[in-house]
Structure formats: structure tokens, C-alpha cells
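Here are my notes on the model, as numbered points. Please read them with the structure open.

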Amino acid sequence: DELFRRALAMGAGEDPLFAGVYAVFLHSTKGELEPAKAYYQRALKSGEAREPIVFQYALLCAEMGNYPEARKLLEKALEMDPGKTRTWCELGTLLGQRFPAESEYATRCFEKAVELDPEDLQTCLSYATFLHSTRKNPK
């Protein structure tokens, strides 16, 4: 925490990569959601934010109840790197829980996640939970 404060005092908060990393620190480590949100937005505004920062900001938005923004950010993260199992799984979970009319899209997200990493326990568990909640059987 002290190192971040020193870097901020020297103006590092204006650097989009630093802003993104600091946002993740505030969000994941300290649980300071509003300040983290401001730093995520600063990082994304620059246009230089990388996929992990976009993904983490999506998680923050979902945690804060802004599900449409979380969805948009997860879709953006997938545009940036469509090979991320965790992102497909997270989008499927979000759609399944918060956008029930999108269950077919959620199913496709989970199927893609399983295709990418069929042995990932968390992905398989999330997909099974989704199928149970919607009472669907896998193909």
C-alpha cells in the first residue's frame, strides 16, 4: 500500500497501466470499490487497458450491481482475447444469473469455455450449476 501511495505522489496515477494495476489492488486486496472504479475508468479511458484490467473491471461492476456494464466489459475482454476460458465462463454465469432471457447465449459461452479447457474444474462446475438452474441437459 505504501509503495502505491509513493508512486501516486510522483504522478504514476496518470499512467493507464499503473491505474489499472492500482484499481485491481484497491478492488481485490483492499475492497475499496468506489476508488477502484475511478482507477479502472481512468485506465479504460486511455484506450491502452489490457484484457486482464477490462476483465477485473467487469467483476467490479458485477459486484456493484451494474450488470449491463459488466456484460459489456466481459464482451469487450473477449474481443481482446477470445481464448480466455475464465472470461467465457464469467460471461455465461452473468448471463445465466442476471439475464435469464439470454440462456441460449449463456449456454454458448459455457460450451466455448469447456471447449477451450475441458478439464478446468471451475468451468465445469459453473456450467453444471447453470444447467441445473435452468434444468437443461448438456448436448
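**Notes on the model**

1. Among contacts in the chain (heavy atoms within 4.5 Å) between residues at least 6 apart in sequence, 47% join residues at least 24 apart. The model is predicted: local features need pLDDT of at least 70 and side-chain atom pairs count only at pLDDT 80 or more, while totals for chains, interfaces and linings use all residues. Residues are numbered from 1 along each chain as its sequence is written, and side-chain values use heavy atoms, with hydrogens and water left out.

2. The secondary structure comes to 8 helices and 0 strands, in the order α-α-α-α-α-α-α-α along the sequence. Helices (H or I, at least four residues) and strands (E, at least two) are DSSP runs, numbered from the N terminus. Of the 139 residues, 39% count as buried. Buried means under 20% relative accessible area, exposed over 50%, and partly exposed in between (1.4 Å probe, protein chains only).

3. The structure holds 5 aromatic pairs. The ring centres of Tyr22 and Tyr39 are 4.9 Å apart and the planes stand at 90°, so this pair is edge-to-face. Tyr22 belongs to helix α2 (residues 16–30) and Tyr39 to helix α3 (residues 33–45), so the pair links distant parts of the chain, 17 residues apart. Rings of Phe, Tyr and Trp (its six-membered ring) pair if their centres lie within 6.5 Å; planes under 30 degrees apart count as stacked, over 60 as edge-to-face and the rest as tilted. Tyr22 and Tyr39 are both buried, and together with Phe25 they form one aromatic cluster.

4. How do α3 and helix α4 (residues 51–63) cross, and at roughly what angle? Their axes come within 10 Å and cross at roughly 145°. Axes are lines fitted to C-alpha atoms, for helices over the stretch in contact, and angles run from 0 to 180 degrees between N-to-C directions. The crossing of α3 with α4 is left-handed, meaning that the near helix is turned anticlockwise from the far one by less than a right angle (clockwise would be right-handed).

5. In that contact, α3 contributes Leu33, Ala36, Lys37, Tyr40, Gln41, Ala43 and Leu44, and α4 contributes Ile53, Val54, Gln56, Tyr57, Leu60 and Glu63. By class, there are 9 nonpolar, 2 polar and 2 charged residues. Here Ala, Val, Leu, Ile, Met, Phe, Trp, Tyr, Cys and Pro count as nonpolar, Asp, Glu, Lys and Arg as charged, and the others, Gly among them, as polar.

6. Lys37, in helix α3, has 28% relative accessibility and so counts as partly exposed. Leaving aside neighbours within four places in sequence, Lys37 is in contact with Tyr57, Leu60 and Met64.

7. Two arginines sit over rings. The charged end of Arg71 is over the ring of Phe99, 5.1 Å from its centre, and Arg86 lies over the face of Phe55 at 3.9 Å from the ring centre. The criterion is NZ of Lys or CZ of Arg within 6 Å of the ring centre and within 35 degrees of the ring normal.

8. Is Leu74 buried or exposed? Leu74, in helix α5 (residues 67–80), counts as buried because its relative accessibility is 2%. Not counting residues up to four places away in sequence, Leu74 touches Phe55, Ala58, Thr87, Glu90, Leu91 and Leu94.
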